[in-house]
Amino acid sequence: MFTRKDTKAVKGIAVILMLFHHLACFPERYAQGFDGFKSLWKPFVENGYLLNLGATSRLCVSIFFFVGGYGLYKRISVDKFKFTKAIKSLYISYWKIFMIFIPIAFIFFNRSDHSLPYLCLKYHIDDPGELVSTILSNFLGLSDSLNGEWWFFASYLCVLPMGVLFFIATKKSKSFTFDMFLVFVVDMFVNNIFPGFSQSEVLAGLGNNFYFTHFLKVSGASLFFAGIVMAKHNKLEEWKSKLQQFRFSGLIGFVGCIGVLYIRGYILGTIIEIIHAMAFTIFASLFFDSLKYVKKAFCFVGKYSTDMWLNHSFFCYYFYEATKIVYSTSSVWIDLLILVALSLVSSILVELVWKGLGLLKPKLQKLFIRPAIKEAK
């Protein structure tokens with residue numbers, strides 16, 4: 001079986017990969033005064049293995065698209081999916097973080113000292129008109145200028161209707177092979193053909209077209225569609241159950257996860273990203289099934305994965321004092337734990353704040369909304 005708990009646990013490990021990617025992969029973004037990571041095994045850092053592992057951890061984006069498509073099919077198949085409700089839910093998750101962290105950013109981290117890292121100067125905007133337009137465009141998800149890691153929101157927002165259309169278009173197909181063929185065709189167009197269009201002189205203007213950039217060139221579309229196909233044909237369950245027949249299946253899952261990261265990082269790169277995402281998801285689920293309490297821990301992290309994705313870069317990039325805390329040791333693993341803790345705790349607190357405001361909703365409605373006037377009989 002591949003249950004909702006499996007999905008949460010996979011999201012949990014994916015968001016930790018994301019935090020590791022942003023923590024370790026960009027030396028130019030390290031906190032001011034940070035001398036870089038060190039390791040007892042010197043080649044790990046000196047020979048570039050750490051940077052390579054950080055780059056490989058970007059697989060997390062593909063995993064999020066893949067499990068998103070998987071979840072979309074499952075909801076549609078049991079008639080629990082409403083498109084407008086899904087868009088509303090996506091925006092609410094985004095705004096929960098936006099409406100807390102962006103005011104904090106402009107009030108407490110509005111820095112203009114150019115001796116500070118450039119990322120820490122993001123929230124200093126002198127022109128009132130520019131300030132309003134910047135906040136509004138980011139609030140609507142049309143721009144990610146206030147947090148560069150929020151690009152995923154617009155991409156996911158665009159891929160959602162494409163996923164619904166893909167579901168409708170392939171609804172009558174009974175062939176897993178045919179459906180996956182369509183997925184790889186989409187992958188070829190999105191990653192190889194469409195980018196070439198915008199680079200040609202004749203069609204250079206396409207690169208500035210909103211619909212082309214946000215709908216036809218969404219790199220996660222093929223992975224999202226792959227998730228839909230895998231759910232439709234129950235392939236995750238089928239392939240996972242075959243691996244579970246072996247003794248020490250948990251060990252197979254662990255080795256499989258390491259193998260996927262190694263193959264992606266050192267052999268094939270991203271040329272078969274669809275297969276990487278599918279394989280890693282199956283192997284991770286297999287591994288978690290063998291360790292009950294580890295799975296519970298990752299399920300807990302996965303529960304807050306959306307909030308952690310939206311807030312973690314404030315701590316490691318944009319809030320100057322926070323960056324000094326995150327990059328406070330020379331060990332990437334200790335600093336990762338610090339970043340995970342800051343992101344997770346703040347996510348829990350954000351949810352508690354909004355839950356508390358939700359309890360006040362009836363009182364606020366009475367305060368601001370007039371009661372309905374009863375018609376005279």
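Asp 79 sits in the loop between α4 (59–77) and α5 (83–108); helices here are DSSP runs of H or I with at least four residues, strands are E runs of at least two, and numbering starts at the N terminus. Asp 79 isn't a glycine, yet its phi is positive, about 60°. Keep in mind that this is a predicted model, where local features need pLDDT of at least 70, side-chain atom pairs count only at pLDDT 80 or more, and totals for chains, interfaces and linings use all residues. Residues are numbered from 1 along each chain as its sequence is written, and side-chain values use heavy atoms, leaving out hydrogens and water.

**Two loop residues**
- Asp 79 counts as exposed because its relative accessibility is 60% (exposed is over 50%, buried under 20%, partly exposed in between, with a 1.4 Å probe and protein chains only).
- Phe 248 is found in the loop between α11 (235–244) and α12 (249–268).
- Phe 248 has a positive phi too, about 55°, although it is not a glycine.
- With 66% relative accessibility, Phe 248 counts as exposed.

**Overall build**
- The protein chain has 18 helices and zero strands.
- Its radius of gyration is 22 Å, close to the 21 Å from the globule rule for 377 residues, so the chain is as compact as a globular protein of that length (taken over C-alpha atoms; the rule is 2.2 Å times the number of residues to the power 0.38).
- The C-alpha trace spans about 75 × 60 × 55 Å along its principal axes.

**Inside and contacts**
- Of the 377 residues, 47% count as buried.
- Take contacts (heavy atoms within 4.5 Å) between residues at least 6 apart in sequence: 78% join residues at least 24 apart.
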